[in-house]
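Here is a short note for a colleague opening this structure for the first time. The points below are meant to be read with the model on screen.

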Amino acid sequence: MKNQESTKHRHRLAVANSCQGQRLDRFLTDALPGVSRKQIKRALDRGAVFLNDSVEKRAGRPLQGGERIDLTVEIAPPVPREFSLPIIYQDDDVLAVAKPPGLPVHANVAGAVNALDLVRQLIGSDRDPILLHRLDADTTGVLLFALNRASNRSLCRQFSERRIEKTYLALVQGCPAKPFEVRDHLRPNVRGKTVKVLSGGQSAWTSVNPLSCHNGVALVAARPHTGRTHQIRAHLAGSGHPLLGDTLYGGPAHLETLEGPVACPRHMLHAAVLVITHPRTGLPLTLQAPLPADFSLLLSGAGLNPPDYANLGL
């Protein structure tokens, strides 16, 4: 495989008078979201930062206000991640896999690794798997595929008629006192968020059952009766219990433990159980995905016991 080269990003910035006295590297870090101080230091070291048309290599250079800064930042390509897709269930009609965190379900960037392409590799080129539903890239758990047209028709009908039972596990901030439901209307908003609206939008309904709680963190089971974008995340946050790691909806980025704060690597949401009617036999089929390692680690750090999948209470 051909190695990808770093990409160069050029910037021109004007220093406001209010920034007088600020360090050059601090100013650049604040002015360029997504660019790290390490990347800025590299730009300074290689003479790629110009202050009023003169090369400036001093990270601590105090600014006077009114300067013009030109710089070129090199961004290294991301290191490709390797993902495994454990098979939960497979027959001639249905395939279910356990999706890991960080894996998009389908290609959102040309050439990017995604679950659909990995499943094609798993089952061979003579089969054409059909993705039946979606999970956010950082949501883990059961991901379902149809393996022929008849199964696709049957399972799509089950999804559209809301006959498929989906149960998620979530680590949330706060301790819900009792089971509750959220029924409202949601619509996508700016910056990727889904918000509650009083008029318009789409109806949304989620049932939530608290399973355990300790030191202000709870493990809950959630069942979405509708399938809106970010539905569980928005409903839990709107109820005062955002997911750990879900900073988009106000969730904490760290879990406080006796050993100190532990970073939450993503929003802690796991598609634990999916119950379908098998398209060929007509019998119920229960598909379960075990908790991923990062979820289990935070669960333990919060002082909570692993859930009993047979007693999720929904």
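Predicted model: local features only at pLDDT ≥ 70, side-chain atom pairs only at ≥ 80, totals over all residues.

1. Buried is used here for a relative accessible area under 20%, exposed for over 50%, and partly exposed for what lies in between, with a 1.4 Å probe and protein chains only. By that scale G303 is partly exposed, at 44% relative accessibility. G303 belongs to the segment after α6 (293-301).

2. Residues are numbered from 1 along each chain as its sequence is written, and side-chain values use heavy atoms, with hydrogens and water left out.

3. Overall layout. The chain has 6 helices and 17 strands; these are DSSP runs numbered from the N terminus, helices being H or I with at least four residues and strands E with at least two. Of the 314 residues, 46% are buried. The C-alpha atoms fill a box of roughly 75 × 50 × 45 Å along the principal axes. Contact here means heavy atoms within 4.5 Å. Among contacts between residues at least 6 apart in sequence, 62% join residues at least 24 apart.

4. Helices α1 and α2. Which residues of α1 (residues 24-31) are buried? They are L24, D25, F27, L28 and T29. Their cover includes β1 (7-14), α2 (37-45), β2 (49-51) and β4 (68-75). In α2 the buried residues are Q39, I40, A43 and L44. These four lie on the same side of α2, because they cover an arc of only 140° around the axis, the arc being that of the directions from the helix axis to the C-beta atoms. An α-helix has 3.6 residues a turn, so residues three or four places apart point the same way. The cover of the buried α2 residues includes α1, β2 and β4. Just after α2, G47 takes a positive phi of about 75°.

5. Cysteines. How many disulfides does the rule give? The count is 1, where a disulfide is a pair of cysteine sulfur atoms within 2.5 Å. C175 and C213 form it, with their sulfur atoms 1.5 Å apart. The pair links distant parts of the chain, 38 residues apart: C175 is in the loop between β9 (165-173) and β10 (180-188), and C213 is in strand β12 (residues 202-214). Both are partly exposed, C175 at 36% relative accessibility and C213 at 35%. C264 is buried, at 11%. Its sulfur is too far for a bond, because the closest cysteine sulfur, in C213, is 15 Å away.

6. T140. This residue is in strand β8 (residues 140-146) and is buried, at 1% relative accessibility. The T140 side chain makes a polar contact with the side chain of H270 at 2.7 Å. A polar contact is a pair of N or O atoms within 3.5 Å; within protein, one must be able to donate a hydrogen and the other to accept it, and residues adjacent in sequence count only if both atoms are side-chain atoms. Not counting residues up to four places away in sequence, T140 touches several residues, including K99, P101, L135, R266 and P292.
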